[in-house]
Amino acid sequence: MNVLFVTSTPFPTGMAATNRIRNYGLGLIENNIYPEVVVYHSTEKGNRQDYNKNSGIWEKIKYRYPYSSIRSKSFIKRRIDDIRDKIWTIRYIYSSDNEYVYIYMNSLFFEALSIFSAKLAKKKLLRELCEYPYHKKFFLSKLNLRLFKFYDGIIAISQKLENIAQIASKSNAKVLKVPILINSEELTSVRFINERPYIFHGGTLTEHKDAIVSTMKAFAIANKKLRGSVDFILAGPESTDVPLLKEIIVANNLQDNVKFIGLISADEIKKYQNGAALCILNKNDNLQNRCGFSTKLGEVLLSETAVITTTVGEANYWLRDGESAYITEPHKPELIADLIVRAFEDPQKREQIAKNGKDIALRNFDISVQGPRLADFISKL
């Protein structure tokens, strides 16, 4: 059996969505289902040395961009290329020898066209549901949920999204919850060595999704109590919240303790993650976070790094405060600050929490566990 993943996320190198597709693919291959990935529009800037190529094979997973992975510098040419790439993809969905089409995107109109092409070719349709669709746009959200009636199977990342999928899908559709995924074979002992123990954040630098501004405020409070003995290292793309972060840094004299290292490779992320003493997944209470499940959490737990998180979202189905994580209420930097101080003042407890978290991840999130479940689900559609 063959599955065609249709997505807008870069492949094979990218961020959270890319890693999830890669882990899906590896898990399926181990169970005799063979994936192919089509990225339906160019994603790369040609001035990077490590950009994704036009096509290739990554760990036995075939992938390709319709024409080129590199985006044109011309605004008009980019618009033309996007239309051309989508036309090619629609044709490929119809003509390829993949029996299953897995939609992993956030584009209402193109999703509808992809559904039409797959149905016309009488292929089974699956859809990824890893966040509430169009959570900021009520009308688009309702339209998107109507499309769920056309799917044969929906894979949801959380309990709340599984419930939504059950309601929105057709009566004979199947729904499966597949939580965050990790690949234990990617474990490495390579770690970044810093002069002081450090907290690491690798991902978006935004307040809405990762509450990074609140986290920086919490670090400022904790830093005073810890007398500057801990650093905070942040990796990720620039955002509109970065100037505010820098204001907090200057106002609290954190220049020697906070380091922005920008976008780094997946291997570098692992190195910094492995060396970290603590990570903070500060989830604000909003629709996106209530329904979602941070894929970053899996990588953190696998690296045996203790994590601070909040009472918002799917993580609370799996982790317990004081046992496998530090968990507190959202929107309260002073509470997160208290946990930071507690974690560094009792390193033995912190290390035990990290070990327990890793054990939970290996038992529940590894592709060796979830791969057979997904393969069985697909084969029975």
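A salt bridge is a side-chain nitrogen of Lys or Arg within 4 Å of a carboxyl oxygen of Asp or Glu. In this predicted model, Lys77, Asp81, Arg84 and Asp85 are linked in a network of such bridges, and a search of the whole structure finds 22 salt bridges.

Eight strands make up an open sheet with mixed pairing, in the order S3-S4-S2-S1-S5-S6-S7-S8. Strand S3 (55-58) and strand S8 (174-177) each have a single partner strand and stand at the edges, so one side of each is left without a neighbour in the sheet. From one strand to the next, the twist averages 20°. Within the sheet, strand S6 (residues 124-129) pairs with strand S7 (residues 153-156) in the parallel sense over four bridges, and Glu128 stands opposite Ile155 in S7. Helix H3 (residues 108-120) packs on the sheet, where it touches strand S1 (2-7), strand S5 (100-104) and S6, and its direction makes about 155° with that of S6.

Helix H2 (residues 75-95) has 21 residues and reaches 31 Å from its first C-alpha to its last, close to the 30 Å expected at 1.5 Å a residue. Its buried residues, among them Asp81, Asp82, Asp85 and Trp88, pack against S1, strand S2 (34-39), strand S4 (61-64), S5 and H3.

Arg71 forms a salt bridge with Asp82, with the closest N and O atoms 3.3 Å apart; because Arg71 lies in the loop between S4 and H2 while Asp82 lies in helix H2, the pair ties together parts that are eleven residues apart in sequence. Arg71 is partly exposed, with a relative accessible area of 23%, whereas Asp82 is buried, at 14%. Arg127 forms a salt bridge with Glu111, the closest N and O atoms being 3.0 Å apart, and since Arg127 belongs to strand S6 and Glu111 to helix H3, the pair ties together parts that are 16 residues apart in sequence. Arg127 counts as buried at 4% relative accessibility, and Glu111 is buried at 0%.

In soluble globular proteins, nonpolar side chains tend to be buried together. Here the largest nonpolar core has 54 residues, and those with the most contacts inside it are Val6, Leu161, Phe200, Leu297 and Leu319. Neighbours within four places in sequence left aside, Leu319 is in contact with residues including Leu297, Leu301 and Ile360. Another core, of 34 residues, lies apart from the largest one, with Ala218, Ala220, Ile280 and Ile336 among its members.

Conventions. Residues numbered from 1 in each chain as written. Predicted model: local features only at pLDDT ≥ 70, side-chain atom pairs only at ≥ 80, totals over all residues. Heavy atoms only, no water. Pairing = 2+ DSSP bridges. Helix = DSSP H or I, 4+ residues; strand = E, 2+ residues; numbered from the N terminus. Axes fitted to C-alpha atoms, helices over the stretch in contact; angles between N-to-C directions. Contact = heavy atoms within 4.5 Å. Expected span 1.5 Å × (residues − 1). Buried < 20%, exposed > 50% of the residue type's maximum accessible area, 1.4 Å probe, protein only. Core = buried A, V, L, I, M, F, W, Y, C linked by side-chain atoms within 4.5 Å.
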